[in-house]
Amino acid sequence: MDFADRLAEVLYDAWGMKVAGSFAATGGLVFNAGVFAAPHEEADYQEGKYSFYYCERASRGAPLFQTTNRHVFDHCVLQNYGNPLRIRYGFPKLTLGDSASIRSGWTMVHTGSSLRHDYLGIRSGDGNFYPCETSDFRLLAGLSHVVKYSPLDVLECYLRPDAGPLLTQWVDCESKPEEE
């Protein structure tokens with residue numbers, strides 16, 4: 001099973017969320033398909049770029065993130081759903097998506113615009129560039145820690161109570177669910 005299929009399976013299990021479409025077809029992917037006019041997310045692939053959107057009242061806003069790299073895109077989609085999934089399953093949140101600093105030696109590459117805090121992606125300490133156009137520095141900080149792993153491996157860690165073996169250092173012990 002590949003990452004997209006496994007994520008669709010998990011989203012359906014957690015919330016009954018249907019993921020419809022594919023990057024091979026016009027329209028891309030729709031998360032929460034079949035729920036008319038409800039907030040949902042969409043992803044598409046056009047002109048060599050993967051884009052992820054939040055949609056409300058059947059209206060698409062600006063992309064939350066865009067990249068030319070499918071591996072980076074899958075990781076970003078996972079960062080979008082990772083902590084909500086953990087909360088849904090009663091696991092403690094991970095600080096990876098909330099307050100983790102960018103990995104030591106890595107940098108966030110700015111667009112150069114003085115009007116906004118927009119980024120073109122991240123650069124590793126050894127000079128590798130991972131494209132990800134966004135204004136969300138938390139997404140890029142988290143991405144710097146997981147991009148070297150397969151998105152499927154990271155997803156499986158999000159689905160474990162201890163987030164092991166890859167994500168255990170970011171388990172937020174203070175957010176453990178209350179015992180009943």
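Visitor: What share of the contacts between residues at least 6 apart in sequence join residues at least 24 apart?
Guide: That share is 42%, where contact means heavy atoms within 4.5 Å. This is a predicted model, in which local features need pLDDT of at least 70, side-chain atom pairs count only at pLDDT 80 or more, and totals for chains, interfaces and linings use all residues. Residues are numbered from 1 along each chain as its sequence is written, and side-chain values use heavy atoms, with hydrogens and water left out.

Visitor: Where is confidence lowest, and where is it highest?
Guide: The lowest mean, 76, is in strand 2 (residues 29-31), and the highest, 98, is in helix 4 (residues 151-158). The chain averages a pLDDT of 87, pLDDT being the predictor's confidence in each residue, from 0 to 100.

Visitor: How many helices and strands are there?
Guide: The chain has four helices and nine strands. Both are DSSP runs numbered from the N terminus: helices are H or I with at least four residues, strands are E with at least two.

Visitor: Now helix 2. What is its span?
Guide: Helix 2 covers residues 70-88, and its 19 residues reach 27 Å from first C-alpha to last, close to the expected 27 Å. The expected span is 1.5 Å times one less than the number of residues.

Visitor: Where does helix 2 bend?
Guide: At Tyr81, by about 35°, with Pro84 following within four residues. The bend is the angle between axes fitted to the seven residues ending at a residue and the seven starting there.

Visitor: And what caps the N-terminal end of helix 2?
Guide: Asn69 does, with a side-chain oxygen 2.9 Å from the backbone nitrogen of His71. Just after the helix, Gly90 has a positive phi of about 80°.

Visitor: Is Gln79 buried or exposed?
Guide: Gln79 is buried, at 13% relative accessible area; buried means under 20%, exposed over 50%, and partly exposed in between (1.4 Å probe, protein chains only). Gln79 sits in helix 2, and its side chain makes a polar contact with the side chain of Tyr158 (3.2 Å). A polar contact is a pair of N or O atoms within 3.5 Å; within protein, one must be able to donate a hydrogen and the other to accept it, and residues adjacent in sequence count only if both atoms are side-chain atoms.

Visitor: What about Asn83, which residues does that one touch?
Guide: Leaving out residues up to four places away in sequence, Asn83 touches Lys93, Leu94, Gly97, Asp98 and Tyr158. Asn83 is buried at 9%, and a polar atom of its side chain lies 2.7 Å from the backbone nitrogen of Leu94.

Visitor: Where is Lys93?
Guide: Lys93 is in the loop between helix 2 and strand 7 (107-110), and is partly exposed at 27%. Its side chain makes a polar contact with that of Asp98 (2.9 Å). The C-alpha atoms of Lys93 and Trp170 are separated by 8.2 Å, although these residues are 77 apart along the chain.
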